[in-house]
Amino acid sequence: MRSYSLIAPAKINLYLEIIGDRSDGYHELAMVLQSISLADQIDIQPIGIDTIIVRCDHAEVPNDHTNLAYRAAALLTKQFPEAMAQFGGVEINIKKNIPIAAGLAGGSTDAAAVLVGLDLMWQLGLTQSELEVLGAQIGSDVPFCIQGGTALATGRGEELSPLKNLDNLYVVLAKYRNLGISTIWAYQTYRQQFSQTYISQAQDLETRQHRVHSGPMVSAIMHADGSAIGKLLHNDLEKVALPEHPQVLELREAFESQGVLGTMMSGSGPTVFALTESEAEALRVLEAVKTQIANPELDFWTAKFVSTGIRLAQS
């Protein structure tokens, strides 16, 4: 039986609007998500015993059932026990390039890769839509990580509408190694501070979602207008994260001072990204901000927008 090596891209949010509460305890969201070339590599190989083994080259990534990659394999084992019985267990090796606890869907994209890889290894023949439905049971970002590209996401983030793929923009990312922001904390704090702005009526909710579908950000994406996209970046979670973490605000302001197309915190943070029109400009901005904020705990990356989600690594 074959082993598989998969590339699992990170994602950034170009737009994140919190619309209201859902009956399942999550928030109703409207987001624009984008895959980038910064990616983990997931190697999946069969083993001769009926178990799941997860290994990662990053010391802070757990190897047990709390790892989303492990949970993805466990879910398929539960859904398709005959496949486990026929083909045996699996060893999952994660080469971590995406920073952890960063708001870049690093754990979700690893889980997405495991779903795709095991579908191939166990010859399940699942469609992308079926994989996305399974992925939504693991985490809200997993369906998008499977699909990738550029997409509008509604619901709690699992309802996807593909948009025109963007491949003409580059991104500089920066994150303090010693700083993490809990996604649960960010959303709960937002609820505490801004729940009075939530929409509760179903009709009003549908109207707001439709407004995002036909709104300026989607229009800018359809025209591949990088300048407009940069000006329209929006993330409601900045309202709670930036006052609590001034170093994230300082980083955002440092990027802004370099004349980038736009800059914003991704997801629940604390990663901050800036958009540029070229790789050369991305590298210039990186060096300028690294000089401006000389902190040994601050890591930087550059990446390109990509139009794919999980894909097989080239041999």
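This is a predicted model: local features need pLDDT of at least 70, side-chain atom pairs count only at pLDDT 80 or more; totals for chains, interfaces and linings use all residues.
Student: What makes Leu68 and Ser108 part of the lining of the largest pocket?

Tutor: A lining residue has an atom within 4 Å of a pocket point. The largest pocket has 44 such residues, and Leu68, Ser108, Asp141, Thr183 and Ser268 lie nearest its centre. The space in this pocket comes to about 1300 Å³.

Student: Which elements give two or more residues to that lining?

Tutor: They are strands S1 (4-21) and S2 (27-46), together with helices H1 (68-79), H3 (106-121) and H6 (183-194). H6 gives the most, with 5 residues.

Student: Why is the largest pocket said to lie between domain 1 and domain 2?

Tutor: Because domain 1 (4-164) and domain 2 (170-304) both give residues to its lining, the pocket lies between them.

Student: How do the residues of that lining divide into nonpolar, polar and charged?

Tutor: There are 18 nonpolar, 18 polar and 8 charged residues. Gly is counted as polar here.

Student: And the second largest pocket, how much space lies in it?

Tutor: About 220 Å³. Its lining has 15 residues, with His58, Pro99, Ile100, Lys175 and Arg177 the closest to the centre. By class, the lining holds 7 nonpolar, 3 polar and 5 charged residues.

Student: How do you know which domains the lining of the second largest pocket draws on?

Tutor: Count residues by domain: at least three come from each of domain 1 (4-164) and domain 2 (170-304). Among the elements, strand S7 (170-176) and strand S11 (298-304) each supply at least two residues.

Terms used:
Residues are numbered from 1 along each chain as its sequence is written. Side-chain values use heavy atoms; hydrogens and water are left out. On a 1 Å grid over the protein atoms alone, a cavity is a set of points where a 1.4 Å probe fits but cannot get out, and a pocket is an open set with protein on both sides within 12 Å along at least five of seven lines; lining residues have an atom within 4 Å of a point. Grid points are joined across faces, edges and corners, and a volume is the space filled by probe spheres set on the points. Helices (H or I, at least four residues) and strands (E, at least two) are DSSP runs, numbered from the N terminus. Domain bounds come from an automatic or database domain assignment.
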